[in-house]
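Here is a short report for a first look. Open the sequence and the 3D view, then read on.

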Number of protein chains: 2
Amino acid sequence: MKIAIDAMGGDHAPQSTVEGALAAAKEWGDIEIILVGDEQVLKPMVQDAPANLRIHHASEVIDAEDEPVKAVRRKKDASMVVAGRLVREGEAAAMISAGNTGALMTTGLLVVGRMEGIERPALAPMIPTLDGRGVLALDLGANMDAKPEHLAQYALMGSVYRDKVHGIAKPRVGLLNVGTEAMKGNELTKAAFPLLEAMPINFVGNVEARDVLTGACDVLVCDGFAGNILLKSLEGTAGAMFSILKKEFSKSLKNKLAAAVLMPSLRGLKTMMDYKEHGGAPLLGLSGLVVKGHGSSDGGAIKNAVRQARTALQSSLTESIAREISGK
Amino acid sequence: MKIAIDAMGGDHAPQSTVEGALAAAKEWGDIEIILVGDEQVLKPMVQDAPANLRIHHASEVIDAEDEPVKAVRRKKDASMVVAGRLVREGEAAAMISAGNTGALMTTGLLVVGRMEGIERPALAPMIPTLDGRGVLALDLGANMDAKPEHLAQYALMGSVYRDKVHGIAKPRVGLLNVGTEAMKGNELTKAAFPLLEAMPINFVGNVEARDVLTGACDVLVCDGFAGNILLKSLEGTAGAMFSILKKEFSKSLKNKLAAAVLMPSLRGLKTMMDYKEHGGAPLLGLSGLVVKGHGSSDGGAIKNAVRQARTALQSSLTESIAREISGK
């Protein structure tokens, strides 16, 4: 299993990507890591690398500020684009990047290419839930206006992912909506509902935004706009509450002392509510596996993304999705 | 100023509505309260009522479980419907109800009637913010699929409301979106953006869901679907965090003691995060004033809704909105 890592992508690259790559190569002898990036920079950093790690030179880098489509089209030798090309050409089975999200989605579409039968690839991060199972939410990517058929494809892809990669048999698939009754929603969700009912998945119906964190489903289907509102509202609310707690807890010496006792619990809560901590997000519906690491990924996060990619490859995720989509 | 109160609407009605009505009538001599509901039930409860409170009999009641449109059409003598009729016929300038939300929106549309030039009335609750100003969000009602022109009208109505009722000059109006740049969003928000720029309001551009609670704007414009996702995600996240804190804080005796010290702060946070606590929500764009109280309203909440209606009437809210909408 060859896994290409965009060595130059991410806030802490290439330090983080090299660290993660080294750790992953050492831990799993059955994979081969291809570090894609500037050889001059990378070579001195991997002196003690195991045999299953090698460098593939790429002279350019896509920055966080680059305009995605333009950057992918023009920087043909950018580390991200080259990693994508390795996947398209079968030289790697998967690629991982913590770089510019828009550019990675564009690389997926234009370089790796869509899977046959898929109209819109979807970005599928995990959102933490109270029961610890988490929920795979898709699409949280650049597809702001989805059609009902897109939501149905998201449902199928997410369902296969949870089954294959997380080992959840018959994952519960929910449709993000404003009420639990079948006739609730906007034009999109009302039209998607019967399509989801007809899919070979465990569709549990509509799920309200307030029930997502309590683990109402394993896969949450939504268009990119609604998904963004959901996730950013979660993020904003958690942030606002922490900021109030911080202020309140330092109001008096008595409060400060009490807060110090509870600090481990508060830190645990903060980690739990930070969905960025919860691994890489697969970009589903491409002809190869693409995993997006968060921009602030450190070495541990990169290694985790490799673990995720390895599990997905072992379980033939892409082939399984292709089979389900083609209905064979 | 005559204000009709649906005496039978709400989880704690008629106890709560009568209590609130009595308190309001006593406090404000310049208003006249019309309690609409079953005279047999209400009469014994208002024995010591001041002269500016009277009962208007209505024999039927719309329940929380009633199908809204059907109930409003069939129960012609329901307290909510009768209160709406008093507004339409000019016998009351405003009505307040803590009953079935869908039925109240239907009563607004079918009984009170739309304001000329308004296509979709909007429900506009306040969402609490860290800076204490709060944000008026609309539409949070039954209009799941809005057109760009609807969003523009929401913006104008919300802006007038914050100015007239809350005394905020040039309120900052934001468009709920997935990014702050003008070209971000789905088809709806991208089409609405230039319309909002052209309105006679203080449009501050797109506002992301994560910035709502930090007070990025005074009026937040969105379609009913996105608004519901935003609000329910806020509610769900706050609820999840409290439930984790509760568990963590009772883990050991040490934690319990520390948590006891911080309890007042935690309670304050809970109240702040509970948007239901933050007053009644006006239904804007009708030919008269309609204020929706939360279903769980107690006497204090009903009195607050009366205060809100009184301020709106004193500032000629409805006339001001009509003037802005007609462009005169």
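Predicted model: local features only at pLDDT ≥ 70, side-chain atom pairs only at ≥ 80, totals over all residues.

In chain A, five strands form an open sheet. Their order is β6-β7-β10-β8-β9, and the pairing is mixed. Two strands of chain A sit at the edges: β6 (126-127) and β9 (202-208). Each of these edge strands pairs on one side only.

Look next at β7 and β10. Strand β7 of chain A spans residues 135-138, and β10 of chain A spans residues 219-221. The two run parallel, joined by three bridges. Here L138(A) stands opposite V221(A) in β10(A).

## The helices

Helix α6 of chain A, residues 148-166, packs on the sheet. In chain A it touches β6, β7, β8 (172-177) and β10. The direction of α6 makes about 165° with that of β10(A).

Helix α7 of chain A covers residues 187-198. It lies across β8 and β9 of chain A. Relative to β8(A), helix α7 runs at about 170°.

## The two copies

How is chain A laid on chain B? A turn of 180° with a shift of 0.0 Å along the axis does it, and the RMSD is 0.0 Å. The two copies are therefore related as by a two-fold rotation axis.

Which C-alpha of chain A is nearest the axis? That of A258(A), at 2.2 Å from it.

Key. Residues numbered from 1 in each chain as written. Chains lettered and ligands numbered in written order. Heavy atoms only, no water. Pairing = 2+ DSSP bridges. Helix = DSSP H or I, 4+ residues; strand = E, 2+ residues; numbered from the N terminus. Contact = heavy atoms within 4.5 Å. Axes fitted to C-alpha atoms, helices over the stretch in contact; angles between N-to-C directions. Least-squares fit on C-alpha atoms with pLDDT ≥ 70 in both.
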